[in-house]
Each structure stands twice: as C-alpha cells, then as structure tokens.
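This report covers one protein chain. It moves from strands to cores, then to pockets and single residues.

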Amino acid sequence: MILNSFRSILVRLPRFTVIKTTVSPYFKPCSLTKIGNFGQFPRAYAANSPGQFKTYKPRTPGLRWLKRPINDHLWKGKPVRKLTVAKRGTGGRNHHGHITVRHRGGGHKRRIRVVDFHRWDAGPQEVIRIEYDPNRSAHLALLQNQETGKLSYIIAPHELAPGTMVQSFRKPTEDQIKDNEDPSITRVAAIEKGNCLPLRMIPVGTLVHCIGLKPNGPGILCRAAGCSAQVIRTGEKGYAQVRLSSGEVRLIDVDCCATIGTLSNPDHQHRMLGKAGRSRWLGIRPTVRGVAMNACDHPHGGGRGKSKGNRHPCSPTGVLAKGGKTRKRPNRWVVKPRPRR
C-alpha cells in the first residue's frame, strides 16, 4: 500500500529535461530587497545564455515536441495595472465585418502594456524587474525614475539585470545645456545597454535597437526578440547609415533615437509549441492550403487532383507569395537592398 501511494506521488511530479545547458539558469543565493510597493525580489540576475531550452518527458502527445526557452528570471506576478489598457480583438475583420487578415481570432484575454518608445524622460532610471509581455516576442523592463519616481516600461535588452541604471540622452538636462554653452567642456554619454541616444552620439559599429525614423518620433525599427541593427556611418548632421538584421542598409536622420544593445529573448525563434491547441491560445487560427479549396475561394483551388493550374504561389487575392516584387516605386531611403533568395 505504501509503495503504491509513493508511485502515485512520483507520477504527479512534473518531469522536464534541460538540454544544451552551459550555465545554471536559476538564481544565485542572494538577499531580498523591498522597494516601494513592489514587494521583495532577488537582486541577483541569472544570465540566460543562448541555446538553453526546456523539454518535457512525453507523458502526453502535446508534451513530446514542446520546447521552450528557459526564462526563470522573469517576474512571476502581474504587471503594473496603471501601465496597461484593455485589448479588444477584431478577429481580423474590418468595420464592414469582412475578414481582411486571415488566421486570427480567439486566444487568451490580454492587456496591452503601454511601452515608452519615445524615452523623453532624462535622468537615471533603475530597472526594477524584467516581465513577460504576451503582445510581443521580446521581454519588458520596468523602470523607475530616481528623481520623480515615475514608472514606465521599455523593451528589455538582452541580459539587462534588475538594479541596473539606464538613462536617456535624447532630451538634454539643464546641466547639459550649461555645459554645451562652454566650448571647453566636451559632452560624453555612456554607451551601455538600455541607454537611449541620438544616432549622432553613437559610435560606428555599435549594435542598437528601437530605432526611430523621425527626429521627434518613437522607436520603430528592430523591436522583435533578438533583433539588432549596426551603425556603420554617422555624423553631427545629415543622415546615418544603419545595417538592419535583414542585411538592408538604410539612411536615417542623425537626430533620430536608438537604444544600445540587442533585444532580449533571442531563442524565441527556436521554440516549438508542441501542439495545435497552443497556437489557438495565442490567437492563431488554422491555415488551409489553396489547392484544397474551391476555385471560387482561391486561385489555386478547383481542378481534378492536386493541381494549381500552372500558377505561381499567391494569396487568395492574387498577390505573389514567394519572391514576387510588389513594390511599385523604389524606397529612396534604402542605400543597399537586402539580399534576395
């Protein structure tokens, strides 16, 4: 009787395996600190080196191919309520009720995190914690301004630890304005991960993300997990040249903002959901092949057998899907286009 009960307890225990582990993904023993109303959290941070995944023993078919990045350093609680707004889904439909974007609908209820892409607030800001965001592939960092106590979210760079100080040099402070009036004083900005600077203040060869396209606009380019761009040319005025992750070289005004570092969660692209239901939880509906449809529903539909009628791969509206050029006029801001397959 005792042996059978012990076996039943073992069956209920979660079983998983960590593969390609080079550094322990767990927190080191450290003291707990209490800041404001955020409770206690460990000050030490476990660096999640690339190539670490968690796999499970195949107790069920959905766990056999499940593979997840190890993110034990993320905050386990809820986000700051005042920094979130409700998200109302449309199911891929426009104001007429017609489906304009396929494969969308359902999924878990979410709240949108209000992310500060402008980074206008100057002064030192402390990283309180790193959080999960269901609306994007990268993680978020909760910042607290040391002068005003204001809270804000930014997209977290890779290996940004809680307790780190980050700054934004986009808007000069009163002391910096006085220093600029004196020609004998040279203005220096720290090139550290998480700091936001104009492109004219970033050295050549630096990896950046959240790059703006307008001098007073927010960061737009390179905001997905693991993305970064490299500054290959800059100056005091004019345009800087930035090489994007696709290989495209683009002209961007030197007064536009950029954040130092590579974005967090670089192993997001190598994860495996394991089952179709996990895609439905994310709000992704099934994809049906065009050759399996009727001729009235898709250009590849109809006919006898598996035939698409000698037509190149395209969408239901006839737009070429693989390698076809759809741009009607060239982009004058692109110095070197990305390499084509």
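Two strands pair if DSSP finds at least two bridges between them. Helices (H or I, at least four residues) and strands (E, at least two) are DSSP runs, numbered from the N terminus.

This is a predicted model, in which local features need pLDDT of at least 70 and side-chain atom pairs count only at pLDDT 80 or more, while totals for chains, interfaces and linings use all residues. Residues are numbered from 1 along each chain as its sequence is written, and side-chain values use heavy atoms, with hydrogens and water left out.

## Overall make-up

The protein has four helices and 20 strands. Of its 341 residues, 34% are buried. Buried means under 20% relative accessible area, exposed over 50%, and partly exposed in between (1.4 Å probe, protein chains only). Contact means heavy atoms within 4.5 Å. Among contacts with a separation of 6 or more, 61% join residues 24 or more positions apart.

## Strand pairing

Strand 4 and strand 5 are antiparallel and share three bridges. Phenylalanine 53 has proline 69 in strand 5 as its bridge partner. Strand 4 is covered on both faces. Phe53 and Thr55 are buried on one side, Lys54 and Tyr56 on the other.

Elsewhere, four strands form an open sheet in the order 10-9-8-11, with antiparallel pairing. Its edge strands are strand 10 (151-155) and strand 11 (165-166), each pairing on one side only. Strand 8 (residues 125-131) runs antiparallel to strand 11, and two bridges join them. Glutamine 125 stands opposite valine 166 of strand 11.

## Nonpolar cores

A nonpolar core is a set of buried Ala, Val, Leu, Ile, Met, Phe, Trp, Tyr and Cys residues joined through side-chain atoms within 4.5 Å. The largest such core has 20 residues. Leu199, Ile202, Val208 and Ile211 touch the most other members. Strand 16 (229-233), strand 17 (239-243) and strand 19 (257-260) each supply at least two residues of this core. A second, separate core has 14 residues, including Val80, Leu83, Phe117 and Leu140.

Which residues does isoleucine 211 touch, not counting residues up to four places away in sequence? Pro218, Gly219, Ile220, Leu221, Cys222, Ala229, Val242, Ile252, Cys257 and Ala258.

Proline 218 sits in the loop between strand 14 and strand 15 (219-221). Proline 218 is partly exposed, with a relative accessible area of 26%. Not counting residues up to four places away in sequence, proline 218 touches Phe117, His118, Ile211, Gly212, Leu213 and Cys257. Tryptophan 120 is 98 residues from proline 218 in sequence, yet their C-alpha atoms are 9.6 Å apart.

## Pockets

Pockets are found on a 1 Å grid over the protein atoms alone. A pocket is an open set of points where a 1.4 Å probe fits, with protein on both sides within 12 Å along at least five of seven lines. Lining residues have an atom within 4 Å of a point. Grid points are joined across faces, edges and corners, and a volume is the space filled by probe spheres set on the points. For the classes, Ala, Val, Leu, Ile, Met, Phe, Trp, Tyr, Cys and Pro count as nonpolar, Asp, Glu, Lys and Arg as charged, and the others, Gly among them, as polar.

| Pocket | Volume | Lining residues by class |
|---|---|---|
| Largest | about 1400 Å³ | 15 nonpolar, nine polar, 16 charged |

The largest pocket is lined by 40 residues, with Leu74, Tyr132, Asp133, Pro134 and Leu282 closest to its centre. Strand 4 (53-56), strand 5 (67-69), strand 7 (111-113) and helix 4 (276-281) each supply at least two lining residues. Strand 5 gives the largest share, three residues. The second largest pocket has 18 lining residues. Gly323, Gly324, Lys325, Arg338 and Arg340 lie nearest its centre.

## Positive phi

Most residues other than glycine have a negative phi. Histidine 103 has a positive phi, near 65°. Histidine 103 lies in the loop between strand 6 (84-86) and strand 7, and is partly exposed at 25% relative accessibility. Cysteine 210 also has a positive phi, about 50°. Its loop runs between strand 13 (207-209) and strand 14 (211-212). Cysteine 210 is buried, with a relative accessible area of 9%.
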